[in-house]
Amino acid sequence: MSMEEVEEAREEGSHGSMFEGGVEVRVLVVDDSPVDRRVVEGLLKRSGAMFQVIAVDSGKRAMEVLGLTEGKEAEQPTVDDPKIDIILTDYCMPEMTGYDLLKAVKEQSCQKPIPVIIMSSENEPQRISRCRAIGAEDYLLKPLQTNDVLRLRDYVRPTALSPKTGTKRKIAIEMMSENSGSERRPCLAGLAVA
Amino acid sequence: MVLHISSALTASALHPLLCFCFHNTYPEMENASGLHRQLASMKKNLFDQGYLDEQFYQLEELQDESSPNFVEEVVTLFFRDSSRSMANIDEALQQCPRDFHRLDKFLHRLKGSASSIGAAKMKNECTRLREFCSEENLDGCLRSFQKVKNDHTILRQKLENYLQLLRQVGPVDRASRSGS
């Protein structure tokens, strides 16, 4: 089975998952690295915070999922029918970078664009400022840790946190113990570290 | 089965029988604990020799009954992706004239994925290689890249052996295995 097929099968499984009595957050993960996509997906699903993960390998694919094309707005405002609650995107990607994607999402005319979190292995203050300046909610350093993904729920709009029902698999909820080791890195410049 | 042995003579007479009865279970139990020890020793070596860092523990913590082969999955993805990156880097280093900007993009990708699985030696050598690249120091790049290739080969072999043993240990034993 190719990696693409594996990802699609996993996505189908996650779409069929049930969080009984719980709240589901739909995360669009955008990263050209298959390793990082898988690790982030694993972190999100294992965090116990009930994320439904859609993973794509490029900014262009992300735009398709979001119903956007470059330079145009969505035909239907995403705030009315949000398929994605939050976007977690790598910064460095070929062709369309995470910054380009961030800009495209924030340029939507709807009242509350989808929150966008940037991931990067580079702790560059200028890059962080650039992202913040156009509306990135956060900037996380890779490799991501458990407490990074748990913070994502803080950025999701309250209207998106509604119970989901349906025929889906029950998922055991357990909190992962925090990694021992180095303390977490700063997020956006100027924001206190949680 | 409970045996009450009332005399030394009886006990010595029964000794061969007892050995025969336990023969089928003791070797398996000893084998299982032997595999555990071997697994722990292999992992310790990988960390002591600097090939892996704590990020690898993160991968192990993400493995559970819903993703029982998570570590092997990610490691396999890594070696597939990194082999591609290294082929690109090789080609970029042979290209004339060299495009160090393009080379850096490949190095960034390789370093990132190495970091994600805890491949510490590779990650650190990629950092050095990127420094040579930023200086447009071709000799430095070539020397450093050779080290990256060596580290990649050794890590692949060690992790293949580790994962092979991990498969032998089995899912029940894996669930009870500690992360350190």
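Two strands count as paired when DSSP finds at least two bridges between them, and both helices (H or I, at least four residues) and strands (E, at least two) are DSSP runs numbered from the N terminus. Everything below comes from a predicted model, where local features need pLDDT of at least 70, side-chain atom pairs count only at pLDDT 80 or more, and totals for chains, interfaces and linings use all residues. Side-chain values use heavy atoms, with hydrogens and water left out, residues are numbered from 1 along each chain as its sequence is written, and chains are lettered from A and ligands numbered from 1 in the order in which they are written.

**View 1. The open sheet of chain A.** Five strands line up as S3-S2-S4-S5-S6 in chain A, with parallel pairing. At the edges sit S3 (51-56) and S6 (138-141) of chain A, each pairing on one side only. Ignoring direction, neighbouring strands are turned by 20 degrees against each other on average; axes here are lines fitted to C-alpha atoms, for helices over the stretch in contact, with angles running from 0 to 180 degrees between N-to-C directions. Helix H3 (residues 59-66) of chain A packs on this sheet and touches S2 (25-30), S3 and S4 of chain A, where contact means heavy atoms within 4.5 Å. The direction of H3(A) makes about 150 degrees with that of S2(A).

**View 2. Asp90(A) and its surroundings.** Strands S4 (residues 86-90) and S5 (residues 116-120) of chain A pair in the parallel sense over four bridges. Asp90(A) lies in S4 of chain A and stands opposite Met119(A) in S5(A). At 5% relative accessibility, Asp90(A) counts as buried (under 20% relative accessible area; exposed is over 50%, partly exposed in between; 1.4 Å probe, protein chains only). Not counting residues up to four places away in sequence, the contacts of Asp90(A) include Asp31(A), Asp32(A) and Lys142(A). An unreviewed UniProt entry annotates Asp90(A) as "modified residue: 4-aspartylphosphate"; such annotations may be inferred rather than shown by experiment.

**View 3. Where chain B meets chain A.** The contact takes 25 residues from chain B and 26 residues from chain A. About 2100 Å² is buried between the two chains, 52% of it from carbon and sulfur atoms; that is the accessible area (1.4 Å probe) that two parts lose on being put together, summed over both. The count between chain B and chain A is four salt bridges (a side-chain nitrogen of Lys or Arg within 4 Å of a carboxyl oxygen of Asp or Glu). Arg109(B) and Asp32(A) meet in a salt bridge at 3.0 Å, N to O.
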